[in-house]
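Below are my notes on the model, in numbered points. Please read them with the structure open.

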Amino acid sequence: MTFTPLDELLLYSGATVLVALLLGRRLAAGWMVTILYGVQLLGLLKMASLGYGGTPISSSLSFQVLGQTLSWRFDALSWFFALITLGSALLSSWYSCGEWERAFRRQGGNLWLFHLAMALNVLSMLILLASGDLLSLFIGWELVSWAGFLLMAMAGGIATKAAMRYITYAMAGAMMIFGGIALVYVSAGSLQYEAILTAVGRMGTAHLWMLVILFGAGFGIKMGLLPFHLWQAPAYAETPGPGSAFLGAISSRMGLFAIALVLVKLFGVVNIESLKIPFTLIDARDLLAWIAVLTIILPTFTAMKQNDARHLLAWHGIGQGGYMLLGLVVADAMGGAGGLLHVFNHATYQAALFMAVTAVIHRTGTADLNKLGGLVVRMPLSFLVLLVGIIGLAGLPPMNGFVSKWLVYRSLLNQGMPLLFLASVIGTLGTILSVYKLIHNIFLGQLRVEHEQVREAPWSMMIPMLILTAIIFITGLFPGIPLAWVASVQQAVGLPVPDYTLGGVTASSGSLDMIWVIGVLFAGFGIGALIFYGAGPSKRVHQLDNYAGGHFLTADVRYQYSDNFYAGLMHLIKGWYRGSFLWLESSVKSLVEFLSLGMQGIYRRANAEFYLLSIALFVIAWVVI
Amino acid sequence: MAPVELLIELTLMPLVAFVVGLMMVLMMRRIAAKLQRRVGPPFFQPLYDIVKLHGKKTQVSHGLIHDIGIVMAMGGYIAAETLLPVPGMNGIADKGDIVTLLYLMMIPSLGLALGVGQCANPNGSIGIARALTAMLAYDIPLVIVIFGVSFAYGSTNLVTLIQAQQAGGFETWGAVQMPLLAIAGLIAMHASLGKQPFEIYIAPAEIATGPMVEMGGKYLGGLFVMQCFQLYTTSVLYVSLFLGGGTTWFDFLLKSFLVLAIPVSIAYLFPRYRTEDLLRLMWKWPVILGLIGLAFVM
């Protein structure tokens, strides 16, 4: 028996889990698993041909269950997501080694469990990504759900509560997916992708509707799509720092992977578009697109109200998922590319942002945006990382987030979807407001007395952050590098491919060349610097040497604007935050509680007369009707 | 295009923008003076101001980000000008479309916001918070307008947009084809200039000129340069979207100055809105006009 590269990759990943399990209590465990993630990444790079349109690579492992063949294989879609998974696992794990690890242990954290949970997450994600049929997809899905639960729940306290909420949602989603799989089996007679592809054409409208709803909701829960978004932000934010970075970067994108695989590749966007909603002008694809833009807007504006940096970022993570789905369901060349490219871009800057915030927590002990300020003078490199990250998150040039959002905007423009376009821009504007609050309240403004001796984050944490920062900038400058992978993913899921170059995209209706745009931008900065620094030296003054309306500032005066940051805006829109989804969730919860209480009553009492009466009533009703 | 030619264009475009921007500042001050029955400043006053501010002996810095913020504020606009076609020069307008320009124009604002942030003055921070809120207000109608125009002409490339408008003379101008969008665009443009009644983030009486509170000398000078570019960029963008761009420098400049004269004349007649009133206004009338205009285009 010969090993295929995929077998090797899965074996490396399994070995990482074993090492974390057996040697996880050693001091050097962090470095060992980090190196093993590196080995996994190398194993993945051996399959790099997949990223450039190579033929899928299968695993030699496959077996029969109940007449169904379970198999695993990697194609361009799996490779692209696996690259992001392993990249973020490697950097998050690297970040956790050294000083963060020691601090975590001092605070009573269970490092063994942390490494094990990370390794399990990576392994289960790889298994999910490698799934070769719907049954193995479901197995992978369950593994990912439980591995994610382990990582989210390990911190205890609020984190466990959030994780319990997550697993409740995830199990509900899994049931829907299972129902969907059963429905597919009924109509296609097989769970192999090829068989489903041919069977989709024969499926009736009602059948396809049911499948779209079941799979869409099931996978959407993992992505945090509205209205299933409530679990995600607290669950990701409360995980130990590097875990947040990893989860925020890739975990919920597994939902997007599954949507790309099942809804886009197997069912086909054309088929989804043919599902009209009666008495309205919209179809199932529009419905998905509108869910996507609501997922952009509402969590973004929820993020703006957060006073904890980690929660703010986690809420944005939900919102950015909306852009990915939006691009994917618009499904023209630019939209598909934008949505998929955003997965990569989002992973890079979200990981960097969580790491920068964790570095701040590491040094100051808090992520409360009302208890920080002015740290740029103490932690300039972390500031740089956070700055690059927020420019990416807000989708401004010159960082990579701009390119993917530009592609999504352009696809909406080309397809003539003004309201979706407007909504996605509103999301971006909200993001800009929110991330300025983030960087202002942590790094700008007045430095607090208790932070005057804070030092820059240690190098063990700094180097992974700087690597991510470089990736964010370089893939913004040369978006052609990830666009090549994205193009092969688009081919693999049957979407059209845009005409891309190293610097961007060319199209008759307007092109983008980031090399030129960024070149000109930096030339502009150069000229600005010449004017500014040519004008003579300036004198650095103390932060208290400041205009205070005729008063003199002293060190005990808090001279910082941080709370209720967008007061004017909130004055107008605060009434729109009604917690409707929380209300919806709690009403579902009470309904379930009520039903279970009723059931329990019937079950416990064993009231024979009652059973008899109900059966009699039912029979009469049946006969009469 | 030969590289040398392109290089000359890339140098000339920001330079022209700066000179025209200076004259626009002059026009703004002269209009204000006329409305207030004053004489107004001499022709070279804006230039004197910039030279004076940069030549001041006392230059107060609040840290590196304060400095870099000003550099970004100037540099971002210098870069943005190369994406904005003028008669005879297209620069790199075909390498980054109007969406790129729109987002590139946020870089100077980001620079300013960072610079102000490091000043550690809550007046400045409140000013930036208000400025960002204002951006959320006027960008919504602006985005509707930009969608409408680019959808109507089937392109986001500014060069194509201008050519399409010039193709049939006056009748194919954006303002004639899409009058409602043009009106919505004008209101949004007025708000984006931050002049009264939309001057919420300067508000001298409330927050002591907001972002400018800790700025003096070359810092204020940098913001002055930024303002020149801002006036130029906003009016030229409007001319390119609705008034057919310019075939010659004469009509190009005439249109740009006239367009700018409208909000500036209105500005000095009004006091200031509150933040939430600005939001309410911007999310209501220009959005309604824009959406109706968009319905005609689609």
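**Notes on the predicted model**

1. A:Ala331 sits in the loop that runs between α15 (309–330) and α16 of chain A. The model is a predicted one, and the backbone here deserves a look: A:Ala331 is not a glycine, yet its phi is positive, about 60°. The residue counts as buried because 24 other C-beta atoms lie within 10 Å, where the cut-off for buried is 20 or more.

2. B:Arg37 belongs to the loop between α1 (3–35) and α2 (45–55) of chain B. Is B:Arg37 buried or exposed? It is exposed, because B:Arg37 has 6 C-beta neighbours inside 10 Å and the limit for exposed is 12 or fewer.

3. One joins A:Leu226 to A:Pro227, with omega about -5°; A:Pro227 is in the loop between α9 (205–223) and α10 (232–237) of chain A. Another runs from A:Pro397 to A:Pro398, with omega near 10°, and A:Pro398 is placed in the loop between α17 (380–394) and α18 of chain A.

4. On the strands of chain A: β1 (residues 57–65) and β2 (residues 68–74) pair antiparallel through six bridges. They make a hairpin with two residues between the strands, and A:Leu66 in the turn has a positive phi of about 50°. Across the pair, A:Val65 is opposite A:Gln68 of β2(A).

5. There is also an open three-stranded sheet in chain A, in the order β3-β4-β5, with antiparallel pairing. Strands β3 (500–501) and β5 (512–513) each have a single partner strand, so they are the edges and one side of each lacks a neighbour in the sheet. Between β4 (residues 504–505) and β5(A) there are two bridges; in one pairing, A:Gly504 has A:Asp513 in β5(A) as its bridge partner.

6. Helix α3 (residues 76–96) of chain A packs against α16 (residues 333–364) of chain A with the axes 10 Å apart and an angle of about 10°. The two helices are therefore roughly parallel, as the limit for that class is under 35 degrees. From α3(A) the contact uses A:Ile84, A:Ser88, A:Leu91, A:Ser92 and A:Tyr95, and from α16(A) it uses A:Val343, A:Phe344, A:Ala347, A:Ala351 and A:Met355. By class these are eight nonpolar residues, two polar and no charged.

7. Helix α3(A) also meets α21 (residues 480–492) of chain A, where the axes come within 8 Å and cross at roughly 140°. That angle makes α3(A) oblique to α21(A). On the α3(A) side the residues are A:Ala76, A:Leu77 and A:Phe80, facing A:Trp485, A:Ser488, A:Val489, A:Gln491 and A:Ala492 of α21(A). Six of the contact residues are nonpolar, two are polar and none is charged.

8. Helix α11 (residues 241–251) of chain A contains A:Ile250, and eleven of the helix's eleven residues are buried. A:Ile250 itself is buried because it has 27 C-beta neighbours inside 10 Å. Leaving aside residues up to four places away in sequence, A:Ile250 touches A:Ile84, A:Thr85, A:Ser88 and A:Ala347.

9. Which residues of the largest nonpolar core touch the most other members? They are A:Leu325 and A:Ala352, in a core of 338 residues. Helix α6 (residues 122–153) of chain B gives the largest share of this core, 20 residues. Beyond residues up to four places away in sequence, the contacts of A:Leu325 include A:Met223, A:Leu256, A:Ile259 and A:Leu288.

10. At the chain A to chain B contact, 60 residues of chain A meet 68 residues of chain B. On the chain A side, α22(A) supplies the largest share, twelve residues. This side has 39 nonpolar, 17 polar and four charged residues. The chains also pair through strands: β6(A) and β1 (residues 60–61) of chain B run parallel and are joined by two bridges, with A:Arg540 opposite B:Ser61 in β1(B).

How values were computed
Residues are numbered from 1 along each chain as its sequence is written. Chains are lettered from A and ligands numbered from 1 in the order in which they are written. This is a predicted model: local features need pLDDT of at least 70, side-chain atom pairs count only at pLDDT 80 or more; totals for chains, interfaces and linings use all residues. Two strands pair if DSSP finds at least two bridges between them. Helices (H or I, at least four residues) and strands (E, at least two) are DSSP runs, numbered from the N terminus. Two residues are in contact if their C-beta atoms, placed from the backbone, lie within 7 Å. Ala, Val, Leu, Ile, Met, Phe, Trp, Tyr, Cys and Pro count as nonpolar, Asp, Glu, Lys and Arg as charged, and the others, Gly among them, as polar. Axes are lines fitted to C-alpha atoms, for helices over the stretch in contact, and angles run from 0 to 180 degrees between N-to-C directions. Angles under 35 degrees count as roughly parallel, over 145 as roughly antiparallel, 65 to 115 as roughly perpendicular and the rest as oblique. A nonpolar core is a set of buried Ala, Val, Leu, Ile, Met, Phe, Trp, Tyr and Cys residues joined through C-beta atoms within 7 Å.
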